[in-house]
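Hi everyone, thanks for coming.

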Amino acid sequence: MGAAGSAIKGRERMRHSDIGVLDGPVLVFGGPYSNMQATQAVLEEVAARAATGICTGDTVAYCAKPRETLDLIRASGCAVVAGNCEAQLAQDADGCGCGFEPGTTCDVLSDAWYSFAARSVRPCDRKWMGALPDIITFHHRGARYGVIHGAVTDVARFIWPTTAAAVFEAEWDALEAMAGPVDHIIAGHCGLAFERPLRRGNWVNAGVVGMPPNDGRQATRFAVVQGGAVSIHTLSYDVAAAVSDMRDAGLTQGYHTALDSGYWPSEDVLPLDLRVSCASG
């Protein structure tokens, strides 16, 4: 997810990859976030379900094992959409381009983890990231799905379950202008899994596997497309090992405690109506 140093809005040339007809289960997950243990766990889910795996991007971010996480995902054969972190790292940009407002806690905290990630990824990783598509489409049980990171007009745009319907509709128009008609859209980036019925179909956020959704629980989220429907599932993994890795790497700015507590180090990225502190107060 920092606005400072962002070199992206939308790429000059959007890349679209159609991966064909997928009759079996499709497991869509976002935000591995350099969390090797969570990535191992979600890839085990892909294998156990005999599913096709698709990642909505941000393979590298907050946690301590960027190289290992990339190696796992690349070896798995999962299709991957370019997130803002991939776009920034591919360009060797000096910030994560996450869309955080400058000066907010999330923006300030991003300096440490992004610098760590930028030092850790290899030239071959940057080259791979630079070749990733911005949109993936596939057919499943007679419906066509589009998979993106944050939005089409801005890869780092935060779209929440409470975002105005007009925003969803405008992004749907933008996707169809690039990739043709779709019946449903699956996105990532914001960190919260949800399903929003719209005029043309459902907008689903698959959530992220590398960080809990600010709900006080350690379990993270992923989505499964099966039998013509999409469902959201929880993911358990070795949280203690992931936290230990972050401590060993010196990544102790707050996201290490978020893995354990289930609460983000700052809620200022969230709309007011989605902040736990507001809901409880």
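Strands and helices here are DSSP runs numbered from the N terminus, with helices being H or I of at least four residues and strands E of at least two. β3 and strand β4 (residues 79–80) pair in the parallel sense over two bridges; two strands count as paired if DSSP finds at least two bridges between them. From β3 the chain crosses through α2 to β4, and this β-α-β crossover is right-handed. Right-handed means that, with the strands pointing away from the viewer, the path from the first strand over the helix to the second runs clockwise.

A quick word on provenance: this is a predicted model, where local features need pLDDT of at least 70 and side-chain atom pairs count only at pLDDT 80 or more, while totals for chains, interfaces and linings use all residues. Residues are numbered from 1 along each chain as its sequence is written, and side-chain values use heavy atoms, leaving out hydrogens and water.

Back to the fold. On β3 we also find a parallel pairing with β2, where residues 26–29 and residues 52–55 are joined over four bridges. Within that pairing, Val28 stands opposite Ile54. β2, α1 and β3 make another β-α-β unit, and that one is right-handed.

Which strands make up the open sheet of five? The order is β4-β3-β2-β10-β11, with mixed pairing. β4 and β11 (229–235) stand at the edges with a single partner strand each, so one side of each has no neighbour in the sheet. Helix α1 lies across β2, β3, β10 (220–226) and β11, running at about 165° to β2.

Now the helices. The axes of α1 (residues 36–48) and α2 (residues 66–76) come within 9 Å and cross at roughly 15°. Axes are lines fitted to C-alpha atoms, for helices over the stretch in contact, and angles run from 0 to 180 degrees between N-to-C directions. The two helices are therefore roughly parallel, a label for angles under 35 degrees. Who meets whom? Met36, Thr39, Gln40 and Leu43 in α1 meet Glu68, Thr69, Leu72, Ile73 and Ser76 in α2, with contact meaning heavy atoms within 4.5 Å.

Finally, there is a six-stranded open sheet, also mixed in its pairing, ordered β1-β5-β6-β7-β9-β8. Its edges are β1 (16–21) and β8 (194–197), each with a single partner strand, so one side of each lacks a neighbour in the sheet. The twist averages 20° from one strand to the next. β1 runs parallel to β5 (residues 135–140), joined by four bridges, and His16 stands opposite Ile135 in β5.

Note on methods
Parallel < 35°, antiparallel > 145°, perpendicular 65-115°, else oblique.
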